[in-house]
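Morning, everyone. Please have a look at the model on the screen before I start.

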Amino acid sequence: MSGAMIFIKEDLKINDTQVEVLAGILNLCALLGSLAAGRTSDYIGRRYTIVLASIIFLLGAILMGYGPSYAILMTGRCIAGIGVGFALMIAPVYSAEISSPSTRGFLTSLPELCISLGILLGYVSNYFFGKLSLKLGWRMMLGIAAIPSLALAFGILKLPESPRWLVMQGRLGDAKKIMSQVSNTKEEAETRLNDIKLAAGIDENCQEDIVKLPRKTHGEGVWKELLLKPSPSVRWILMAAIGIHFFEHATGIEAVVLYSPRIFKKAGITSKDKLLLATVGVGLTKATFILIATFFLDKIGRRRLLLTSTAGMILALTALGFSLTMVEHSQERLLWALSLSIVATYTYVAFFSIGLGPITWVYSSEIFPLKLRAQGASIGVAVNRVMNAIVSMSFISIYKTITIGGSFFMFAGIAVLAWLFFYFFLPETKGRSLEEMEILFSKNTRPRNVDSGVMSGAMLFIKDDLKINDTQVAVLAGILNVCALVGSLIAGRISDFIGRRYTIVLASIIFLVGSIIMGYGPTYAVLLTGRCIAGIGVGFALMIAPVYTAEISPPKNRGLLTSLPDIAISFGILLGYISNYILSDLRLTVGWRIMLGIAAIPSLALAIGILQMPESPRWLALQGRLDEAKKMLLKVSSSKEEAENRFRDIKVEVGIDENCTDDVVKISKQAQGEGVWKELIWKPAPTVRWILFAAIGLHFFDHATGIEAVVLYSPRIFKAAGVVKKSKLLLNTIGVGIIKTVFIFVATFRIDKTGRRPVLLGSVAGMVAALLVLATALTIVEHSEEKLTWALNLSIFATYTYVAFFSMGLGPVAWVYLSEMFPLRVRALGVGIGVGVNRLMNATVSISFIPIYKAITIGGAFYLFAGMGVLFLFFIYFFLPETKGKSLEEIEMLFAKKQKNVVGTGGATRSRDNESQLP
């Protein structure tokens, strides 16, 4: 179809939208085919399902080859799509079920190899048929696909039926014969047959040729067991299958394979013959490297190849995005950029083909338990086809909106997330029998402050005064967050020992010391030391402030009170921006030192002020000091009845009898926090694992969507947009601080009324839109020869809009969610991990933003952040329940119900019990 579309568009006079629909309709129909194929293969067998797939595709190919009009062409492509859906689901399942563990990777990847050979032959035939007349050429390209499908329909009848399907039908005699044919030895055949019998619920010592099986083993109730009430291991398997199929296409392979002629045309190749020859190279690369991969899957293993493959794809996509951006914005033909585009495309296809391409099908065909395999694999294929359709139908529109280079930067960003998903979610399956997979997965069901505002402006002067380069500026910006990561991880344990209140005092003192050293800062090394010490204080504060606020707040206004620390942070950033502007007129060597040193004043005030506040009643209960906890609850509750109810819930969670009236009780070491790391990380309960995953994901995306780049580097953004005077740069950054403070203040009054989840979804959607506008405006400014006032104004407006949307949702809600979701015993350490991830991402963005925007342009950097924002929307929708109005003790039950009643994509959607609370 890749080459044929060039001629179809010209012959049938169709537009780009119709081309996109024609490209994508096959995959939408394949979605229907894949879902129907699972049930069909359980009824008629794996082999006859392959025959049926071949016949359906044959009919579609004939119709496409005839294709007198666009409507008939669409009909033929849809029918062919149904056949593709059947084939994609059943081919890897059939291969996996007849293969031995030692060669399963090789044999299961053969269908993907055949697909690649088919693509190569398609590219080659396109080149030769392209020389025929316009009306005949593309019809031959499409119609000739009927020949291999007819050959497959006859050829598959000579192959044996799946022995696992035969066992599911109770045909043990037939299964034993087939097993002896596909095994290396008689011993191996007997061992594999015994494992299959056990998986099907048959006594392994049964010697009958035919047995009657319960309806459940025939596939009855499979959807319920797979989706509605899955076991933890099945849920994990389903998430792994859906995730790997999602990322296979979300990383852009369909865009490259289907639209490679357009990519090469954008790179500078204009001749149709040369375009088709270049696409032949794509097909040849794909087929060659998949062939290589088939021999390594069973030697190196799935996981290693997958991680290496994805890492290579990230590098290739980045290079492709960069080269296409250079070509697009150059007035003359750049031969080096053209060559780099072609090399990057081939490199991307090579890395995809040696890992992600074949392993996706190997993995999804082998991980499901026997009775769930057909339907489970069909869900994976359905996700695969949906993503294939989305990419193929939207790629032209996307690259017209964000440029073709921007679209590949977006795919590179998604590939980074894919690498992280594979690393944490996919265990190694090499050498395991199919019957061992469920056991394997059951073992593996784990898978902002004042300183930011001050530092933003101070860096303009520090660079001039200390004569440091951009790399040193980036390290200076990011070191605070690296040290904050250390501080946040230490703070959790300390707060369990000395209390929440005194931990805040300690945080203030540490930050005070760091500020004084930074204010002194005679050299870069001393300045870096002071910033690191301040970072440890920031880590302490970011971890303990939301925990302390959440633990003393009643449920009805916990969102408001827990977001107050974020208001204080935003207010501090605003004061930092204002002080930068006021102090900018001082002598160069004095101004920036006062900017940094003055931050010691609020930290000293906080250290003194917090001593007048009550200790957390929940921490007091953890120490067995019930009388003091009760007194504190009476102070911070609206009524005596509310205090009694909250006190009773806390006692139950700590493990104390709710009727206990003692003033002081002895608490077990476990309840006080001993062994918490084990309970939180090494052997977490399913609910705690879910909460930890939600917390880590939320704080990963909090900074992966670019807020630190905007807050810390706003002067550079405005400078790139065309503002050159330092005083005006600082005035514009004051606008950022005002917007951030005002909208966070607005958000605090909406969180407890509207709820966390709707506010978060609306916030991130607005951020994505603003980032796209900002990236487009900055790209236009960067490549324009003259000063564009409208683009400058649009950049400033988009920056303010982005900050507003962040501040009215993601900014405060991330901290509210984090502080309230963990159970009491693991709350401090759990929040510490969340803050650790937050600081790590903060450091990553602040240290890497300058190198990134120099490599891919500042516009490309914000397109990358926009891509992250889109992924974040899906994460919020599927992983975060509504917690509004729930007590801290009820939230664990909320996550437990969500975990228990998982329905839908990725192992995480809404709980039926909580349906009324979720949008």
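Predicted model: local features only at pLDDT ≥ 70, side-chain atom pairs only at ≥ 80, totals over all residues.

Let's start with the second largest cavity. How much space lies in it? About 50 Å³.

Where does this cavity lie? Domain 2, residues 230-439, gives residues to the lining. So does domain 3, which is 450-619 plus 675-899. The second largest cavity therefore lies between domain 2 and domain 3.

Now the lining itself. Among the lining residues are Thr 325, His 329, Thr 403, Gly 405, Gly 406 and Phe 409. The list also includes Thr 779, Ile 856, Thr 857, Gly 859, Gly 860 and Tyr 863.

Which helices supply at least two residues each? They are α21, residues 404-425, and α41, residues 824-879. The largest share comes from α41, with five residues.

On to the helix pairs. We describe two packed helices by the angle between their axes and the distance between the axes.

Take α39 and α40 first. Helix α39 covers residues 756-782, and helix α40 covers residues 789-821. They pack at about 150°, with their axes 8 Å apart. An angle over 145 degrees counts as roughly antiparallel, so α39 is roughly antiparallel to α40. Their crossing is left-handed. Which residues make up this contact, by class? There are 24 nonpolar, seven polar and two charged residues.

Stay with α40. Helix α35, residues 686-704, packs on α40 too, and their axes come within 10 Å. The two axes cross at roughly 150°. So α35 and α40 are also roughly antiparallel to each other. Helix α35 passes α40 in a left-handed crossing.

The last pair is α13, residues 232-250, with α19, residues 356-366. Their axes come within 10 Å and cross at roughly 160°. That makes α13 and α19 roughly antiparallel, therefore. Here, α13 passes α19 in a left-handed crossing.

Key
Residues numbered from 1 in each chain as written. Heavy atoms only, no water. 1 Å grid on protein atoms, 1.4 Å probe; cavity = no way out; pocket = protein on both sides within 12 Å on 5 of 7 lines; lining within 4 Å. Points joined across faces, edges and corners; volume = space filled by probe spheres on them. Helix = DSSP H or I, 4+ residues; strand = E, 2+ residues; numbered from the N terminus. Domains from an automatic or database assignment. Axes fitted to C-alpha atoms, helices over the stretch in contact; angles between N-to-C directions. Parallel < 35°, antiparallel > 145°, perpendicular 65-115°, else oblique. Left-handed = near helix turned anticlockwise from the far one by under 90°. Nonpolar A, V, L, I, M, F, W, Y, C, P; charged D, E, K, R; others polar.
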